[in-house]
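User: This one is new to me. Please walk me through it.

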Amino acid sequence: ESKYSIYWDKTKFNILLSNIGWNMFGGLASVGIYQATNVILNMFFGPAVNAARGISLQLRGAVSNFSGNVRVASNPQIIKSYANKDFDYLNTLLYQTTKFSYILMLLMSLPLLIETDFILNLWLKKVPEYTSIFCKLFIINNLIDCVSAPLVTPIQATGVIKRYQILSGGVLLLNIPLTYIVFLLGGSPQSAISVNIVVTIIVLIIRLYILKSLITEFSVIEYLKSVIFNSTVLTLIAVSYTH
């Protein structure tokens, strides 16, 4: 019923190669900052602090993977709605996906934030110094990234990713020199993750700006009200009830 044949379209091939290249740049930037931060931490504080950071990264990965499944399920529909130029449905999906994934992340994160020391002692028995504060800061960074990461899917759907990858990848790579400078000025080990949090917020702003420039039907104000504001209020209410 089917036959294979060689197909060659130079224009499509160049588009695919360009997308692969720029996505690779963004991926390498994300991976590079973690490896470079390990090296810098080792230079200033030694392998014991690196061990604490490695443990906290395991916890961070477990939490983010759980809520990330919501985004994975909605990504095909977001891409399809862009292809069909159904921007109302795209915006609805984007808002709902972000809010649902944030709620799941918050449900996972609050107990970890409140009982970090208890959980670590139960898990490790002998907890390396700085592990607790590393875990807490990484979880906070996860919560911020949770309202930022879904914006990548509609950006990718447009196929115009060069400017996005240059801006976001370049800002992510700022983690390396900024962390080094903070340590030179006498910063504590956890200040590396504080720098990461600031950079994550900047990347969120960049993603909003890029998405608005690519899809004019997307409203930054509506996203801030519907997602960021509501998520912040929900977090404050949840935190207040835990004290």
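User: Where does Tyr130 lie?

Analyst: Tyr130 lies in the loop between helix H4 (116-124) and helix H5 (131-146). Helices here are DSSP runs of H or I with at least four residues, strands are E runs of at least two, and both are numbered from the N terminus. This is a predicted model, where local features need pLDDT of at least 70 and side-chain atom pairs pLDDT 80 or more, while totals for chains, interfaces and linings use all residues. Residues are numbered from 1 along each chain, and side-chain values use heavy atoms, without hydrogens or water.

User: What about the phi of Lys85?

Analyst: Lys85 is not a glycine either, and its phi is positive, at about 60°. Lys85 sits in the loop between helix H2 (47-83) and helix H3 (87-114).

User: New topic. How many helices and strands does the chain have?

Analyst: The chain has 10 helices and 0 strands. Of its 243 residues, 40% count as buried. The C-alpha atoms fill a box of roughly 60 × 40 × 40 Å along the principal axes.

User: How do H7 and H9 pack?

Analyst: Helix H7 (residues 162-173) and H9 pack at an angle of about 170°, with their axes 9 Å apart. The axes are lines fitted to C-alpha atoms over the stretch in contact, and angles run from 0 to 180 degrees between N-to-C directions. H7 and H9 are therefore roughly antiparallel, a label for angles over 145 degrees.

User: Which residues in H7 meet H9?

Analyst: On the H7 side they are Arg163, Tyr164, Leu167, Ser168, Val171 and Leu172. Their partners in H9 include Val199, Ile202, Tyr209 and Leu214, where contact means heavy atoms within 4.5 Å. The residues of this contact divide into 11 nonpolar, 2 polar and 2 charged. Ala, Val, Leu, Ile, Met, Phe, Trp, Tyr, Cys and Pro count as nonpolar, Asp, Glu, Lys and Arg as charged, and the others, Gly among them, as polar.

Note on methods:
Parallel < 35°, antiparallel > 145°, perpendicular 65-115°, else oblique. Buried < 20%, exposed > 50% of the residue type's maximum accessible area, 1.4 Å probe, protein only.
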